Amino acid sequence: MDKKNKNFIVRLLVAVSILCIMVQVVYFTNSNCSLKNAACKGAYMEVNGRDINNKIYALDGQWNYYPQIFLGQAIRNKEKENPVSVEVPKALGKEKDIRARNSSYGSYEINIIVEDTGQYMLSIPYISSAYRLYINGEYIGGVGTVGKNSGDERGAYHAKNYLFTTKRDLINIVIEVSNFTCVKGGIIDDIYFGTVDNISKYTMNKTINDTLTVGMLIAFGVFPLLLLNKDNKVKSGVFFTGFCFSSAVFAFLIKHNIGGIHFFEMSLSFLVKAEFCSLMIMLTFIYEFLKLVYPYDKKKDRTKFILIVNLIYLIGIFHIKNMLVFKLVGNLYSLILLVNALVSLRVIVRSMKEKKRYAIFSFMGIMVFLLLGLVEIFALETGGAMRLYLKDNLYNIGLLFFVLCHINIFLMDIDQAYENAALADRMEISFLHAQIAPHFLFNTLNNLFILMDQDLKKAKDLLINLTDFLKVKYKFDYRKMNDYKLRDEVDFLKSYTAIENYRRDGKVKLHFYFEDQDLNIKEEIKDSLNFSFQPMILQPLVENSIRHGFRSEILDIIIHVKKIGKYLEFIVEDNGAGMPDIKVKMLNKAISKGVGISNINYRLSKNCGEKLHFESEIGQGTKISFKYRMEEAA
């Protein structure tokens, strides 16, 4: 199995594991505290015969609603009359009764018949605008400031649990609401009733669930930043991070437990603006991410208008003061979402048609997200236990699946970028290798031509050595560079020296020491030289020793190799002619006209930030040292 497939399988397993964790958390949240639909009728719910000690009841169904009356005060004034039957949860603007639909404020009422008196808890995640809660005629608490006009009302948001004690078996619950700063109006979310232990446990489990979702989004956003560096400036990673962070902010704002119970009361106006803003930013980031991952001809780009639409929408949200216009803009919310989704889907579908890389992952991610979203909407509309169990949970799972698909795309894009860079690097090195030895090959062929007339046996030996030399030299392939080892370089040097000795009358002696053991004496130590090595690092140094150091007498070239930490230390020294100080200084400053030395310094720098160090004295020889990062082959 190649590395690419291995990475893909690992990422797939990680993604599946994360989704399984989320499903397990959702299952634990719901199974540990069972939710039931109370199915209230005629503004009454009877607990008798129900398992109130083990279940939490959503007070869904028929409630009484008193348009334009604050019933908490009307009870004392005995003005309680002529209620409208409404569905909870449901926006007042969607009610059939015109009195409820046109009402700007009013009171909801429900009666609960319990078998045992004592302590109970009411959980109100969210009621639009502002509300006051009365239980058995006693004011319990509320959120924001309820008013009979927009000037008196202060809309706010705070998910709260209310602990109360009842001394009778009939619990009368009245919730006064005003809807001047809300687009929808009324009670649009479930209200839960149960024992203190069950409600507290359910709240904690939901908090863990929601916090896990937000935490994962933040973690996924941080991860691409860890991969971005000066060698890997991937814009797609920045946009992906922006998408994850804005998704986390959006989830934080709409999650009742994280955003409300354990924090503070927030202005509804601020919350709505922040929610819209984070959503628009989220949509913009993912759209820009998709455009970078799936580039196409800019002249055919007909989708930039969506960025302008989003910007205008945001400006409208932040500057509108008139509440009627604000409600109108709020009602465009779903349309804006649909347009953004269709534009992003168009980018993905077009990329699939053009067979762009990874497009199938984007398609899977967005389709699963949309499918789970549609199932959740269907569940919310149908009501009952299905709605209670699936509400928010499918959104969490769908969003994480979408993010996981696209973080995998981002990682595969990074892999491809590194692979392309590595290929380009290896091809560059291959080109540099080709620069090194043409003159040597020409000289050898010329010598071979001369020897064929003078000494046929020597010519044959030279041809065999040249064959061995070329066999090692062209074992190197830029596509399989890791196949080359230090022991191959040693064989290469032996063949090269043997060829040179045909011209130098056998006066060039090569000695190779590894950890102070002489390879000429202990041939078996060559098997220890199983380290990945770049071809033709040592050969040009030996070639220079022969070309510039040979003085018609025995030339000893000694190569010492030692392990020092994570590096191999090389010392190449000879007893040749040596060099003047000025030339040594130039070489140590990497000032050289020679192709070979510049080539080696370049490759050493790329490998481990090293370069050649020269020491020399006229008539005493030359010593060259350098370090090479050690990578032992499998």
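**Aromatic rings and their surroundings**

The charged end of Arg 504 is placed over the ring of Phe 550, at 5.3 Å from the ring centre, where a charge is taken to sit over a ring if NZ of Lys or CZ of Arg is within 6 Å of the ring centre and within 35 degrees of the ring normal. Arg 132 likewise has its charged end over a ring, that of Phe 70, 5.2 Å from the centre. The structure is a predicted model, in which local features need pLDDT of at least 70 and side-chain atom pairs count only at pLDDT 80 or more, while totals for chains, interfaces and linings use all residues. Residues are numbered from 1 along each chain as its sequence is written, and side-chain values use heavy atoms, with hydrogens and water left out.

A search of the whole structure returned 14 aromatic pairs, a pair being rings of Phe, Tyr and Trp (its six-membered ring) with centres within 6.5 Å, classed as stacked if the planes are under 30 degrees apart, as edge-to-face if over 60 and as tilted for the rest. One of them is stacked, because the rings of Tyr 120 and Phe 193 have centres 5.3 Å apart and planes at 25°. This pair links distant parts of the chain, with Tyr 120 in strand S7 (residues 118-124) and Phe 193 in strand S13 (residues 192-194), 73 residues apart; helices (H or I, at least four residues) and strands (E, at least two) are DSSP runs numbered from the N terminus. Tyr 120 is buried at 5% relative accessibility, and Phe 193 is buried at 0%, where buried means under 20% relative accessible area, exposed over 50% and partly exposed in between (1.4 Å probe, protein chains only).

The rings of Phe 514 and Phe 531, by contrast, form a tilted pair, since their centres are 6.3 Å apart and their planes lie at 50°. Phe 514 belongs to strand S15 (residues 508-514) and Phe 531 to the loop between strand S16 (517-518) and helix H17 (539-549), so that the pair ties together parts 17 residues apart in sequence. Phe 514 is buried, with a relative accessible area of 7%, and Phe 531 is buried at 1% relative accessibility. Elsewhere, ring pairs join Phe 533, Phe 570, Phe 626 and Tyr 628 into a cluster.

Thr 622, in strand S20 (residues 621-629), is buried at 11% relative accessibility. Not counting residues up to four places away in sequence, Thr 622 touches residues including Val 572, Met 579 and Ser 616, contact meaning heavy atoms within 4.5 Å.
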